[in-house]
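Have the structure open as you read, and we will go from a surface patch to the charged pairs.

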Amino acid sequence: MGFFLAQRPFEAHLAQAKRVLQDNWMGGYTRPAQGLYPHQWNWDSAFIAMGYANYLPRRARRELRHLFAAQWPDGMVPHIVFNPEQLGNYFPEPDFWQCPQGRHTSGITMPPLHAEACLHLHRLAHDLEDSRAFLAEMFPKLMAGHRYFYGARDPEREGLVYIRHPWESGRDNAPAWDAPLSAMDLERAQLPAYQRRDLDKGVDRHQRPTDRDYDRYVYLVDLFRRHAYDEAAIYQECPFLVQDVGFNSILQRDNRALQEIAGILRQDSGEIDEWLAQTSRAINSKLWSERFGRFESYDLRAGDFLDSPTAMNFMPLYAGVVDSAKSPLLYAQMNSVSFCGLRQGNCFAIPNYDMTASDYSEVNYWRGPVWLNINWMLAQGLEDYGYYFEAQILRKDILELVARFGHREYYDSHRGQGLGSKKFSWSAALFIDVLSGYYRQKDAEPGLLGIVQGSKLGRTRLLNHPEASRQGEGGEAAQAVQAAVADIAGAFFDPLKSLVNYQGIAQSPQYQRYRQAVDQLPRLDLAALDQGRGALGFWINLYNMLVIQGVIELGVKDSVAEVPDFFDRLAYQVGSHRFSLHDIYHGVLRGNQAPPRRLLPQFWPWDSRRRFCFARPDPRVHFALSCGTRSCAKVEYYRAADLEQQLDEVTAAFIISEVLVDPEENRVALAELFSWYQADFGGQEGVLRFAARFMPEDEHKRYLLANLDRVKVEYLFHDWHLNR
Ligand code: GLC
């Protein structure tokens with residue numbers, strides 16, 4: 001009957017993610033995706049290795065070895081290593097790059113995360129000796145890579161390296177490059193003939209760079225090959241030279257990893273220490289713009305900052321170079337409407353570009369969508385600065401995006417829909433990494449993500465004070481409670497973001513009035529409350545407020561899961577009975593059913609509260625009872641007069657965001673809540689039929705109804721974080 005979850009949350013998705021990597025494994029490396037990206041890409045391989053590190057460490061090593069086998073003699077790790085058997089599908093290929101000694105690589109580089117990947121592998125390794133041997137093998141190569149940066153790409157010895165092509169940033173058509181690319185004068189330039197190969201691979205043209213951008217990309221490549229990749233000459237002539245804050249922050253983080261590896265191998269780290277000190281200073285001085293009040297990239301050709309509010313400007317957090325005065329500022333910028341706001345209930349992760357900017361696009365590649373690798377790095381940065389909870393939100397969003405919309409290259413930053421390539425390797429790898437991290441954490445301490453455990457002889461904690469209820473008529477108590485809830489809702493519930501301002505409530509006069517009102521509840525004559533709309537609204541409101549009062553009075557910080565048996569212990573005295581949260585939900589409102597993962601109905605046969613149970617439970621209550629978490633129903637105030645309509649609306653709203661039909665994969669992803677309460681809907685098919693009733697008339701609904709018995713059902717992840 002599935003009372004005890006045999007599977008861990010998301011286990012099916014984990015298997016799928018591993019399949020994506022397996023399908024993209026080319027025998028020596030992992031391609032980013034079929035179609036657009038058949039070769040090995042530099043930073044992709046680092047993210048992919050981080051994923052493999054959790055379950056296939058040997059493959060992670062092969063991935064990294066394959067990339068470094070193509071390292072140039074000067075230490076540069078190329079941005080693409082071409083597979084000779086896959087030529088003809090991509091532009092530009094080796095014939096166009098014309099790299100020295102006929103190398104089968106591109107002639108530019110990418111942000112280095114490979115020391116970080118090696119360290120990640122080492123931290124997760126079971127066989128330490130083996131792992132140390134791999135670190136020893138990689139260390140000189142990693143050092144050579146960083147020496148290349150500080151030698152060739154930092155000619156003025158500033159501690160900042162430059163990139164000389166937008167592709168080197170990893171963010172091909174980011175708005176940041178618009179200004180330096182436009183400043184290039186191609187009017188009189190001889191552009192070699194070329195043909196783009198990215199537009200016939202099934203990705204919408206509007207999500208790709210423009211032809212104008214491509215002309216400039218090609219011009220730069222042509223310039224490099226004309227100079228036979230001589231860096232000093234390129235530095236003199238290249239019209240595109242940027243000290244990118246993202247690139248330098250990632251490099252700095254990799255310096256830190258390298259320093260740690262040196263420590264593990266007992267190697268001298270003097271040179272690395274020097275890089276670390278220089279780059280930290282330089283990011284803070286040269287890449288901090290007082291004018292913009294943020295970190296910004298520096299355009300060496302224009303001799304000025306770029307002006308491009310991207311998520312990369314937060315990357316100094318990942319680098320670990322931000323001082324304690326600035327980190328709250330960066331956090332505030334991140335947690336704003338520009339970047340969606342970490343706490344916004346309906347927003348997935350941090351988009352790559354300021355959503356309020358006039359040239360922001362929610363679907364165009366690097367001009368606005370959400371990218372998982374960027375969020376993975378930002379989560380790390382947030383965590384390092386003590387934003388533990390916020391880091392969890394980003395990581396949870398990574399899981400959510402994949403579970404809902406598949407392993408896509410990037411995601412629409414408004415609706416979350418997957419865009420670009422399908423079965424994209426780093427999305428699968430980072431999903432694996434984040435989920436495996438959760439599993440490890442959960443095994444170590446059943447905490448935040450833990451599922452609220454069943455009752456363990458918990459003592460009831462009564463949150464109203466019957467002895468105080470000396471005055472007033474019992475019959476008025478229900479109305480007084482309703483009126484007090486309405487006041488609180490008006491001032492402190494945010495229906496758009498579906499959040500509750502717990503702190504505001506705690507300090508408000510409305511809350512004082514509410515508490516006085518619930519103190520009157522013991523005088524209520526329960527028998528007089530029928531089972532009509534009035535009673536239904538009353539119980540729903542009471543449940544939702546009991547959760548809120550519980551959160552406030554028990555000082556819940558991040559999740560109700562902090563309090564053992566939260567739902568069993570918190571109770572109000574109503575009439576002459578006590579009702580815990582479970583009593584209200586599973587006893588009264590569900591007509592005496594077993595709570596999730598329990599066998600027996602809430603009220604025992606001799607329990608006199610059974611007479612207050614609804615004889616014909618309304619399944620829409622599941623979408624009205626807000627259990628204090630981000631995945632439960634959003635909290636609202638329910639009025640008897642509008643109850644029908646309100647219940648329909650909240651149900652439809654919940655279903656729109658928590659039931660996702662994917663006809664292509666013949667699957668439907670549902671909120672985990674549906675797995676707990678399947679029986680209330682008449683089994684799995686009943687759930688789907690019920691959901692379809694509330695879905696808009698579109699092809700998803702039609703598909704679902706036509707395939708009720710054969711569609712694959714997967715469950716989304718219940719996020720236990722507080723909906724504050
Ligand atoms: C695109 C992306 C880049 C990525 C590559 C392969 O060029 O901009 O970041 O490495 O595709 O996935």
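Why does Leu600 count as partly exposed? Leu600 has a relative accessibility of 49%, and partly exposed covers the range between buried (under 20% relative accessible area) and exposed (over 50%), with a 1.4 Å probe and protein chains only. This is a predicted model, in which local features need pLDDT of at least 70 and side-chain atom pairs count only at pLDDT 80 or more, while totals for chains, interfaces and linings use all residues. Residues are numbered from 1 along each chain as its sequence is written, and side-chain values use heavy atoms, with hydrogens and water left out.

**A nonpolar surface patch**

- Leu600 sits in the loop between helix H23 (581-589) and helix H24 (643-658); helices are DSSP runs (H or I, at least four residues) numbered from the N terminus.
- Together with Leu599, Trp604 and Trp606, Leu600 forms a nonpolar patch on the surface, with about 540 Å² of accessible area in total.
- Patch members have over 30% relative accessible area and no salt bridge, and nonpolar side chains (Val, Leu, Ile, Met, Phe, Trp, Tyr) are joined within 5 Å.
- The areas come from the Shrake-Rupley method with a 1.4 Å probe, and for residues only the protein chains shown count as cover.

- The structure holds 46 salt bridges, each a side-chain nitrogen of Lys or Arg within 4 Å of a carboxyl oxygen of Asp or Glu.
- One of them pairs Arg164 with Glu231, at 2.7 Å from N to O.
- This pair links distant parts of the chain, 67 residues apart: Arg164 lies in the loop between helix H6 (128-152) and helix H7 (166-169), and Glu231 in helix H10 (residues 231-237).
- Arg164 is buried because its relative accessible area is 1%, and Glu231 counts as buried at 12% relative accessibility.

**A salt bridge in a loop**

- Asp198 and Arg208 meet in a salt bridge of 3.0 Å, N to O.
- Both residues belong to the loop between helix H8 (178-182) and helix H9 (211-226), 10 residues apart.
- Asp198 counts as buried at 4% relative accessibility, and Arg208 is buried with a relative accessible area of 6%.

**A helical pair and a network**

- Glu400 and Arg404 form a salt bridge, their closest N and O atoms being 2.8 Å apart.
- Because these two residues are 4 apart in helix H16 (residues 388-405), about one helical turn separates Glu400 from Arg404.
- Glu400 and Arg404 are both buried.

Note on methods
Patches are made of residues with over 30% relative accessible area and no salt bridge: like charges are joined within 9 Å, nonpolar side chains (Val, Leu, Ile, Met, Phe, Trp, Tyr) within 5 Å.
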